[in-house]
Amino acid sequence: GVINGEFLQGSILVIRIQRQIENNQEISMNNSVSQELLKFLQKSPTAFHAVQQMKSELLAVDFTELKENQRWNIECGKHYFVTRNDSSLIAFTIPENGIDKMHILTSHSDSPTFKIKENPEIEVEKHYVKLNVEKYGGMLCAPWFDRPLSVAGRIIIKNTPNRQFTSKLVNIDRDLVMIPNLAIHMNREINNGYTYNAQKDLLPIYSCGSPKGTFMEQIAEAAGVEKEEILGHDLFLYNRQEGSVWGASKEFISSGRLDDLQCAFASLQGFLSGEKKDCMAVHCVLDNEEVGSGTKQGAASTFLFDTLIRVHEALGYDGEDYRVHLADSFMISADNAHAVHPNYTEKADPTNRPYLNEGIVLKFNANQKYCTDAVSAAMFRDLCKRADVPVQTFTNRSDMAGGSTLGNISNTQVALNTVDIGLPQLAMHSPYETAGVKDTEYLVRAAKEFFC
Ligand code: CO
């Protein structure tokens, strides 16, 4: 009896230690994925920077960059990427034996923010200079107040020797502007709700005591050019607060732009680590989802179609082959999802309740704002089972209109079986959003299985 008892206790101890080790492994893996994600977010204040980050990761593992304005030479067993507008990117690999189907994982590179207008400086009583900005996408306005912000984006110059237009990334990498609140004493009603006027309430202040005329100089200096050389600019505000992992057991991750760079990051990591033997693997990140996708580089554009058809033609396939392959292909449209909010539990659907850290969210909508149907849900659930990844479900309350995403828009150009998914998060479209540390790794794992 004693021996058995000791044996039993020993076994329990072994099991406990085993669990502890597994827990620790899980925590350290989630930690390293979270740290990598935070680095990526930190270096990606705008869609242009996110695409630049992905480009350099792809170049580092010998992907070949294709240009849309040159003929493409594509070989089986090789890997490539192409960008459009420097803000959308499609990376793909061709199996050794050619293409018979495509696995496409899409996400988006943009996030709601404020765009700097032309002639942005506004002088106020010869004492302040503020910047004229307009909204990009539908953001939560209040959290943009009273926090250090800066400016990033791209400028266009014309090179003198070859008379080519060149795009240069800009990031004023310091606290530069702020949108200060009005004191409570001057609006006692503020906490009872407020309608923000984008032209009055939301203009950031840039300087005090110095005359206007220096803003574009700062941009030029950051880009390493003369102010007069700048012929065009796409500049945006971004939140300076660095990302953070926090909570009782470090279970939360917060940062700007989790929607949708958390998915773009996980897609790329899964794409790079997958074997990519079975199918043409496509990592696709598109700009302008937050403003309806209707741009030359958005999901409503021909960018994905053009890329897939050009790859087919360059390999000697014809339009018939493309359509046959497409009918056997699958797309995952990944854009973050709403988790149940602890202060507003009534806002979530009564029977479909996603929580942070409990897995990838499968999104449903009867009116097909989300593409998920019985077929694509089944295929995605099967994929996650193979990858040992938990799946949750989201649908809007029947009395609430929800958001939309890029899956169904992309389907109007490239029509194939598609599932809409996302990672659960809180405070969507705030400049500081919150998600779960485990979920990024779940999507990396599912993407790796998808690109097997
Ligand atoms: Co999104």
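**Entry 1: ground rules**

I number residues from 1 along each chain as its sequence is written. The model is predicted, and local features need pLDDT of at least 70, side-chain atom pairs count only at pLDDT 80 or more, totals for chains, interfaces and linings use all residues, and side-chain values use heavy atoms, with hydrogens and water left out.

**Entry 2: the whole chain**

I looked up the secondary structure and found 9 helices and 20 strands in the chain. Helices (H or I, at least four residues) and strands (E, at least two) are DSSP runs, numbered from the N terminus.

I then checked the radius of gyration, which is taken over C-alpha atoms. The globule rule is 2.2 Å times the number of residues to the power 0.38. For 452 residues a compact globule would have a value near 22 Å, and the chain, with 24 Å, agrees. Along the principal axes, the C-alpha atoms fill a box of roughly 85 × 65 × 45 Å.

Of the 452 residues, 49% are buried. I use buried for under 20% relative accessible area, exposed for over 50%, and partly exposed for in between (1.4 Å probe, protein chains only). The accessible surface of the chain comes to about 21800 Å², and carbon and sulfur atoms hold 49% of that surface. These areas come from the Shrake-Rupley method with a 1.4 Å probe; for residues, only the protein chains shown count as cover.

I also looked at contacts, meaning heavy atoms within 4.5 Å. Of those between residues at least 6 apart in sequence, 76% join residues at least 24 apart.

H108 sits in strand β4 (residues 102-108) and D259 in helix α4 (residues 258-273), 151 residues apart, so the pair links distant parts of the chain. H108 and D259 are both buried.

**Entry 3: hairpins and their partners**

I count two strands as paired if DSSP finds at least two bridges between them. Strands β5 (residues 113-124) and β6 (residues 128-136) run antiparallel and are joined by 8 bridges. I122 stands opposite K130 in β6. This hairpin has 3 residues between its strands, and E125 takes a positive phi near 50°. β6 also pairs with strand β9 (residues 205-208), antiparallel over 3 bridges, with V129 opposite S207.

Strand β7 (residues 149-158) is joined to strand β8 (residues 165-171) by 7 bridges, again antiparallel. Bridge partners here include R154 with L169 and I156 with S167. The β7-β8 hairpin has 6 residues between the strands, and R163 in the turn has a positive phi of about 55°. β7 also pairs with strand β10 (residues 232-239), antiparallel over 8 bridges, and G153 has L235 as its partner there. Of the 10 residues in β7, 8 are buried.

**Entry 4: the open sheet and P424**

I traced an open sheet of 5 strands in the order β11-β12-β20-β19-β15, with mixed pairing. β11 (244-246) and β15 (337-338) are at the edges with a single partner strand each, so one side of each has no neighbour in the sheet. β19 pairs with strand β20 (residues 433-436) in the antiparallel sense over 2 bridges, and L426 has T434 as its bridge partner.

P424 lies in β19 (residues 424-426). Is P424 buried or exposed? P424 is buried, at a relative accessible area of 0%. Leaving aside neighbours within four places in sequence, its contacts include A337, Y355, Q392 and D439.

**Entry 5: T93**

T93 is in strand β3 (residues 88-93). T93 is buried, with a relative accessible area of 4%. Not counting residues up to four places away in sequence, T93 touches F63, K78, H79, F271, K276, C279, M280 and A281.
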